[in-house]
Protein chains: 2
Amino acid sequence: MTSKARIAVDAMGGDGGLAVMLAGVAHARRRAPGLEFVLVGDEAAIRAGLENHPNLTAASQVVHAPEVVASDEKPSQAIRRARTTSMGIAIDQVKQGHAAAAVSAGNTGALMAMAKVALRTMPGIDRPALAALMPSLGETDTVMLDLGANTECDARNLMQFAVMGAAYARTALDLERPRVALLNIGTEDQKGTDIIRDAANQLRSGAHLPLEFAGFIEGDRISRGEVDVVVCDGFTGNIALKTAEGTARFVADLLKRAFRSSIRSKIGFLISRPATELLRDHLDPNNHNGAVFLGLNGLVVKSHGGANEIGFENAIQLAAKMVRDDLGRRIAQDLGNFEARAA
Amino acid sequence: MTSKARIAVDAMGGDGGLAVMLAGVAHARRRAPGLEFVLVGDEAAIRAGLENHPNLTAASQVVHAPEVVASDEKPSQAIRRARTTSMGIAIDQVKQGHAAAAVSAGNTGALMAMAKVALRTMPGIDRPALAALMPSLGETDTVMLDLGANTECDARNLMQFAVMGAAYARTALDLERPRVALLNIGTEDQKGTDIIRDAANQLRSGAHLPLEFAGFIEGDRISRGEVDVVVCDGFTGNIALKTAEGTARFVADLLKRAFRSSIRSKIGFLISRPATELLRDHLDPNNHNGAVFLGLNGLVVKSHGGANEIGFENAIQLAAKMVRDDLGRRIAQDLGNFEARAA
């Protein structure tokens, strides 16, 4: 069962470079000494980097990859380099059963495309989805999916995303029965598109699922902590996620500008700094790191490109947790139950 | 030409009640003494309220409406009461040519439905759109449309929204050649749906339009002030607008929580209060009030339901500005030019 605790790392993927990746892996290993790693990338550079992390040396295998996927590379182009790039080889480690999950901080589109081609969708799942954790006012983060894997979706896709998102929330957020809602432009039954209303009907019939279907949710309630999983098509999810990120940065920028507007405000800022640091900490993407491709025959975690070592550690730990909970099996089981009853 | 400066006001629509509406109207009149009003609602109550605003009495005509559209009333139901409700009668004032614009702070869905039925879309426009002003880091607000009038749109709809939004930005934001972008999940040409790519192609061919087509914009750039008009279908726009509102409130809530977390932070908060007030002011919906239905044979402005008297004054002034600039004619002209050249 060692392969279950072995994680393949695309060591070349992040904006911060190899040193940040290795430091993140070393942190994760310190927290979970059972973990093993396959570090994929420039072998000489990785071996040199490992000298700073003696705790990793025995726990890691290094696999050389001569190339790296560029951050602006088109997915269609990256796929052709699956056998030579650190990203492609890390995913192949999962496909070959050498590792139980792959983690990369590289190009999201390329990672999605490569993972889909190499690992294929699970039996019974029509389309994989990208799920991420968003900060909320509640006790845990909120899971949101799909965030861009599928520009257009049908009702069955959305229903499957709900089931997968709930399984993910049970693992990532330690919830027993996550509250799941469909993102819509109103909460009344007749709101939205036919596709969304149809998905809602399918989910209403799933009372035996390990989730609580909470109906529709509007964009202004996503971060209130009232539901645990927000489901939508990849176009809407990408717009909502990026609008939320942009607005949080916008408000922070306005706040900075305001604090700089007078000497009095500057002084107040210095005094209340612990408060603004608390805010920054709550919103720091590193503390909500790790988006996951759900629905593939194998686990693939996407770290923020700009993650620091703490962020990358979080992404690795998330991967380890999903391996431990056997997330793939959970999803297959939930979906099987749902469809057996529906039939 | 007196009808051009006369605005019909649904005096019963706002959450703040008649007193707030009349105070807002009185403020607007003080700023623009040429304005006249048709105040629609409970006649006795309006006449009693006018006693507090002697500057309005001579400038206002009161039209009695026995009923009010409820805030949770279904649009299909409200339409049937168009002849007896303050909202329906205010719109009818525009239809009959007694007023040049109608302003309401009531139920948005009902207002859209009633306005569409009563005023009909302009020749050449397939669908009207709801446009609003969003705060930004730029020198002016950003116009965003559609925000919910059309759940699904085709490429021609989006192209027309771009033309209407640009005409609106020229009036509302005093811009000569607004920068217009389509909201999408990436900025590369191949991103998004066929509909969005097709709309982009149509807009690229419109170099003679009084707008600068800036291609695609992602959700995280909406509030950066890099473009003046953001165009999308009503589903996406509603999700983006509400997600932005919700995130701004979320960050403000976190900030409040953080400021309360220690005595030191509380003191810092008190000292830097001018800064946080500046922030609040920048984000206050009252300072960005007035959504507009574009593309109808008549101007209809939707005020936030919770607007205070300053907010309502802003909505009235926006209506007056659009009347003055003859926004409807501008839109017809721009669209006519565009289609003549395209043909």
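Predicted model: local features only at pLDDT ≥ 70, side-chain atom pairs only at ≥ 80, totals over all residues.
Helix α7 of chain B covers residues 155-172 and helix α8 of chain B covers residues 194-204; their axes come within 8 Å and cross at roughly 50 degrees. Because of that angle, α7(B) is oblique to α8(B). The handedness of the crossing of α7(B) past α8(B) is right-handed. On the α7(B) side, the residues in the contact are B:Ala155, B:Arg156, B:Leu158, B:Met159 and B:Ala162. They meet B:Ile195, B:Ile196, B:Asp198, B:Ala199, B:Gln202 and B:Leu203 of α8(B). By class, the residues in this contact between α7(B) and α8(B) are eight nonpolar, one polar and two charged.

Rolling a probe the size of a water molecule over the atoms shows where empty space is left. With a threshold of 30 Å³ or more, the count is two cavities. The largest cavity has a volume of about 50 Å³. It is lined by 13 residues, and those closest to its centre are B:Gly14, B:Val20, B:Met21, B:Gly305 and B:Ala307. Helix α1 of chain B, residues 17-31, supplies the largest share of this lining, with three residues. Sorted by class, the lining of the largest cavity holds five nonpolar, seven polar and one charged residues.

The second largest cavity has a volume of about 40 Å³. Its lining includes B:Phe235 from chain B. From chain A, the lining residues are A:Leu158, A:Leu183, A:Ile196, A:Val231, A:Cys232, A:Asp233 and A:Thr236. The classes in the lining of the second largest cavity are six nonpolar, one polar and one charged.

The last topic is the backbone. Most residues other than glycine have a negative phi, and most peptide bonds are trans. Where are the exceptions in this model? In chain A, the peptide bond from A:Leu145 to A:Asp146 is cis, and its omega is near -5 degrees. A:Asp146 belongs to the loop that runs between β6 (142-145) and α7 (155-172) of chain A. In chain B, the bond from B:Leu145 to B:Asp146 is cis, with omega near -5 degrees. B:Asp146 sits in the loop between β6 (142-145) and α7 of chain B. The phi exception is A:Arg120, which is not a glycine but has a positive phi of about 60 degrees. A:Arg120 is in the loop between α6 (108-119) and β5 (129-134) of chain A.

Terms used:
Residues numbered from 1 in each chain as written. Chains lettered and ligands numbered in written order. Heavy atoms only, no water. Axes fitted to C-alpha atoms, helices over the stretch in contact; angles between N-to-C directions. Helix = DSSP H or I, 4+ residues; strand = E, 2+ residues; numbered from the N terminus. Parallel < 35°, antiparallel > 145°, perpendicular 65-115°, else oblique. Left-handed = near helix turned anticlockwise from the far one by under 90°. Contact = heavy atoms within 4.5 Å. Nonpolar A, V, L, I, M, F, W, Y, C, P; charged D, E, K, R; others polar. 1 Å grid on protein atoms, 1.4 Å probe; cavity = no way out; pocket = protein on both sides within 12 Å on 5 of 7 lines; lining within 4 Å. Points joined across faces, edges and corners; volume = space filled by probe spheres on them.
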